[in-house]
Amino acid sequence: MKLTEHFTLDELTRSTAAQRLGVANTPPQEILPRLVRTAELLERIRSTVGVPVVVTSGYRCDVVNRAVGGRTSSDHTQGHAADILAPGFGSPTELARLLAPLVSVLGIGQLILEGVKGKQWVHVSTHTPEKAINRVLTITDAGTVPGIVGLA
Ligand SMILES: [Zn+2]
């Protein structure tokens with residue numbers, strides 16, 4: 001099922017953790033409009049970077065979310081967030097640096113450059129955190145810092 005021109009429901013619900021656990025990771029009906037909003041955000045990001053955006057994790061049911069232990073868990077379980085890469089554009093650091101000045105223009109509620117356990121990705125959410133300082137963050141094994149701090 002297509003959510004928007006370039007993003008499908010399958011892409012936003014696919015999960016290797018779910019496969020491993022034998023869980024369907026099917027979102028409840030009320031989450032679907034939020035996934036459409038998230039896909040619309042991804043379309044704006046795709047147009048900005050000018051290359052396809054790869055979703056590595058979108059919606060996560062509670063079981064999957066607990067299994068992956070994400071800190072930004074609630075936005076994924078609510079259908080508000082996606083973890084993305086844009087290999088045709090550059091590294092996660094380069095992607096996050098491009099998007100950071102554009103969060104308001106693109107309607108990114110929260111932008112996080114994450115580098116955890118040897119993997120890197122960019123988390124985007126349609127949901128804006130209560131504290132402005134938490135809107136653009138870098139999260140690594142060492143902790144959370146405001147802004148985008150380049151990852152090696
Ligand atoms: Zn995330």
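Visitor: Which residue in β4 is the bridge partner of Asp-83?

Guide: In β4, Asp-83 has His-123 as its bridge partner. The model is predicted, so local features need pLDDT of at least 70 and side-chain atom pairs count only at pLDDT 80 or more, while totals for chains, interfaces and linings use all residues. Residues are numbered from 1 along each chain as its sequence is written.

Visitor: How do you know that β2 and β4 pair?

Guide: Two strands pair if DSSP finds at least two bridges between them. There are 4 bridges that join β2 to β4, and the two run antiparallel.

Visitor: Which residue stands opposite Asp-83 in β2?

Guide: Ser-57 stands opposite Asp-83. Strand β1 (residues 54-57) pairs with β2 in the antiparallel sense, over 3 bridges.

Visitor: Why is Pro-87 called exposed?

Guide: A residue is buried if 20 or more other C-beta atoms lie within 10 Å of its own, exposed if 12 or fewer, and partly exposed in between, with C-beta atoms placed from the backbone. Pro-87 has 12 other C-beta atoms within 10 Å, and is therefore exposed. The place of Pro-87 is in the loop between β2 and α6.

Visitor: Why is Asn-25 called partly exposed?

Guide: Asn-25 has 18 other C-beta atoms within 10 Å, and therefore counts as partly exposed. Asn-25 lies in the loop between α2 (16-21) and α3, and has a positive phi of about 55° although it is not a glycine. Most residues other than glycine have a negative phi.

Visitor: What makes Lys-117 exposed?

Guide: Because 8 other C-beta atoms lie within 10 Å of Lys-117, this residue is exposed. Lys-117 is found in the loop between β3 and β4, and also has a positive phi, of about 50°, without being a glycine.

Visitor: What is the largest nonpolar core, and which residues touch the most other members?

Guide: A nonpolar core is a set of buried Ala, Val, Leu, Ile, Met, Phe, Trp, Tyr and Cys residues joined through C-beta atoms within 7 Å. The largest one has 28 residues, of which Leu-12, Leu-42, Ile-84 and Val-124 touch the most other members. Elements that give two or more residues to this core include α3 (32-49) and β2 (81-85). The largest share, 5 residues, comes from α3.

Visitor: How many residues of β2 are buried?

Guide: In β2, 4 of its 5 residues are buried, and the strand is mostly covered.
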